Amino acid sequence: MAGIASEAIAVGRRQRAPATSRSDGERGDRPAARYIANVTDSAALLTVARDQVLAEGRGLSEQQLAQVLRLPDDDLPALLELAHEVRMRWCGPDIEVEGIVSLKTGGCPEDCHFCSQSGQFTSPVRAVWLNIPELVEAARQTAATGATEFCIVAAVRGPDQRLLSQVRAGIGAIRAEVDIQIACSLGMLTQDQVDQLVEMGVHRYNHNLEAARSYFSQVVTTHSFEERWETCERVRESGMELCCGGLVGMGESLEQRAELATQLTALAPHEVPLNFLNPRPGTPFGDLPVMTSGDALRTVAAFRLAMPRTILRYAGGREITLGELGTRDGLLGGINAVIVGNYLTTLGRDPAEDLALLGELQMPIKELSRTL
Ligand code: SF4
């Protein structure tokens, strides 16, 4: 399961899509006017958020998040500034850098409608397996960027014993040559599989919720939200760090976006990767519009105000949704982690560009933890 970058993934260096006057979230079936009475006083909402989240470290409620997501563009600078203050206060200045590699790409039996790795669609990603020397080389290149985390990803419903054996061999080979923490994203897990990954020394496991519970059946039909949730709980209880995020811009309402943030908050993951849909040709969501940069940045800030202490990572889709300027705005608006290099099926930004931007913003890269 290609959760960490999902398949929101971006085609590198494409131009940012023009903003539309209509919010993505208004395609949902709930009335847009529902919270208008509350958000007409944007200043009051931001004051409440400042008192509650910045001062006390208590995340916003689902209803408050929906109000944040409806703030007008004029209030975006103040919202991002507050989200950045929250991140600095409760997480500190460090940025966590991670690289990902696909051990098995394409041919997945599941039907996540955003994903070009599903074998059920006509999208052009063929099934490919990586060998161990290639895996080690990818880890070495990731470590050379200063990244502390290297995530091994496979496009599967869940791992079979053959895949787990390959992961075990790959982790052993990486450990012998590269100093980096290893994460995995291999789909849904049984308790025995969780135990095996713990025993291999996997530091963090990624499994995204992808969408809010109320919208999930519009996104995936081959497995349920509850199955995903169960894997996340097993991981969290195992001692591995849980990395669990989702995708926005899939036609969900703003309320459902707030619902996703609230359900993630309830799971209490160590890290939340935030993906923006990059509509991939041949998938059921291939014709959806790219969400506006304003909506994407409001989502970044809202997720930070929901989860003040959590690592919030830019994952797939930021290049097409936000471009260079928006990437910078998000890093100054609540984001404190990035994926460097390419995603699973599309190109990301040149790592040197991201690292130069972090240097320019005077954001130190988090160092490898020796205590985990
Ligand atoms: S189709 Fe498969 S690889 Fe793609 S997101 Fe769904 S589970 Fe992951």
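Modeller: The following account concerns helix 3 and its packing against helix 9 and helix 10. Please note that the model is predicted.

Let us begin with helix 9. Helix 3 spans residues 62-69 and helix 9 spans residues 254-267; their axes come within 8 Å and cross at roughly 130 degrees. On the side of helix 3, the contact involves Glu62, Leu65, Ala66 and Leu69. These meet Leu254, Glu255, Arg257, Ala258, Glu259, Ala261 and Thr262 in helix 9. Sorted by class, the residues of this contact comprise 6 nonpolar, 1 polar and 4 charged.

We may now turn to helix 10, which covers residues 293-306. Helix 3 packs against helix 10 at an angle of about 155 degrees, and the two axes are 9 Å apart. Because of this angle, helix 3 is roughly antiparallel to helix 10. The crossing of helix 3 and helix 10 is right-handed. Here helix 3 contributes Leu65, Val68 and Leu69, while helix 10 contributes Arg298, Thr299, Ala301, Ala302, Leu305 and Ala306. In this contact there are 7 nonpolar residues, 1 polar residue and 1 charged residue.

Taken together, Leu65 and Leu69 of helix 3 take part in the contact with helix 9 and also in the contact with helix 10.

Conventions: Residues are numbered from 1 along each chain as its sequence is written. This is a predicted model: local features need pLDDT of at least 70, side-chain atom pairs count only at pLDDT 80 or more; totals for chains, interfaces and linings use all residues. Axes are lines fitted to C-alpha atoms, for helices over the stretch in contact, and angles run from 0 to 180 degrees between N-to-C directions. Helices (H or I, at least four residues) and strands (E, at least two) are DSSP runs, numbered from the N terminus. Two residues are in contact if their C-beta atoms, placed from the backbone, lie within 7 Å. Ala, Val, Leu, Ile, Met, Phe, Trp, Tyr, Cys and Pro count as nonpolar, Asp, Glu, Lys and Arg as charged, and the others, Gly among them, as polar. Angles under 35 degrees count as roughly parallel, over 145 as roughly antiparallel, 65 to 115 as roughly perpendicular and the rest as oblique. A crossing is left-handed if the near helix is turned anticlockwise from the far one by less than a right angle, and right-handed if clockwise.
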